[in-house]
Amino acid sequence: MGEQQHVKFPQEVIDEYAALGVDLPALFSAGHLGNRMGVQILEASAERVVGTMPVEGNTQPYGLLHGGASAVLAETLGSVGSMLHGGSSKIAVGVDLNCTHHRGARSGLVTGVATPVHRGRSTATYEIVISDEEGRRVCSARLTCMLREVGPLDAGNLPQEARLNGA
């Protein structure tokens, strides 16, 4: 966990961020919480984001995948899709998350797939389906993110390794 991930981004998205001096693959991560939970993003575009998370280490006292862990995976995937939809001039901020838990998972990996329900100018909503290794639905989630303009303080919060040419 926490190692460099190699996320598959569309080339036009990488180029858009590079034009602003941002190395998108270096910038991208599941965040500190997602990294601690073992979230791995496999592919990412505004149309579809796919990621996995281990059940082990993310369980509640009965040994089942914790509902909050499913929520972390769902919000991570939906936020990435919203960020990519908004483009480099917007920041995606989650404002509503709804999760319905259908069945428990005790081991293995769960896989989440986020697809857009609505992609507007000021909000983006994604449906996230989380399934176990047998393809059975564990959780259905919906995330709405507000898309706001990038402000001067936002650029200053980029990690140094994400800035091209030390910018």
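Visitor: Hi! Is helix H4 largely enclosed by the rest of the structure or left open, and how many of its residues are buried?
Guide: Hello! This is a predicted model, and in it 15 of the 20 residues of H4 are buried, so the helix is largely enclosed by the rest of the structure.

Visitor: How far apart are the ends of H4?
Guide: The end C-alpha atoms of H4, which covers residues 67-86, are 28 Å apart. That agrees with the 28 Å that its 20 residues should span at 1.5 Å a residue.

Visitor: And what follows H4?
Guide: Glycine 87 does, and its phi is positive, near 80°.

Visitor: New topic: cysteines. How many disulfides are there?
Guide: The count comes to zero.

Visitor: Is cysteine 139 buried or exposed?
Guide: Cysteine 139 is buried, with a relative accessible area of 0%. Cysteine 145 is buried too, with a value of 0%.

Visitor: Okay, on to charges. How many salt bridges does the structure hold?
Guide: There are six salt bridges. As background, side chains of opposite charge can pair when their charged atoms come close.

Visitor: Which residue does aspartate 96 meet in a salt bridge?
Guide: Aspartate 96 pairs with arginine 142, at 3.5 Å from N to O. Aspartate 96 lies in strand E3 and arginine 142 in strand E6, so this pair ties together parts that are 46 residues apart in sequence. Both partners are partly exposed: aspartate 96 at 36% relative accessibility and arginine 142 at 37%.

Visitor: What about glutamate 134, which partner does it have?
Guide: Glutamate 134 forms a salt bridge with arginine 136, and their closest N and O atoms are 3.1 Å apart. Salt bridges that share partners also join Asp132, Glu134 and Arg136 into one network. Glutamate 134 is exposed, at 56% relative accessible area, while arginine 136 is partly exposed, at 38%.

Visitor: Last one: which residues form a nonpolar patch on the surface?
Guide: Val93, Val95 and Met146 do, with about 220 Å² of accessible area together.

Visitor: Where is valine 95, and is it buried or exposed?
Guide: Valine 95 sits in strand E3, which runs over residues 90-101. It is exposed, with a relative accessible area of 52%.

Definitions and conventions. Residues numbered from 1 in each chain as written. Predicted model: local features only at pLDDT ≥ 70, side-chain atom pairs only at ≥ 80, totals over all residues. Heavy atoms only, no water. Patch = residues over 30% accessible without salt bridge, like charges linked within 9 Å, V, L, I, M, F, W, Y side chains within 5 Å. Areas by Shrake-Rupley, 256 points an atom, 1.4 Å probe, with all protein chains shown as cover. Salt bridge = Lys/Arg side-chain N within 4 Å of Asp/Glu carboxyl O. Helix = DSSP H or I, 4+ residues; strand = E, 2+ residues; numbered from the N terminus. Buried < 20%, exposed > 50% of the residue type's maximum accessible area, 1.4 Å probe, protein only. Expected span 1.5 Å × (residues − 1). Disulfide = S-S within 2.5 Å.
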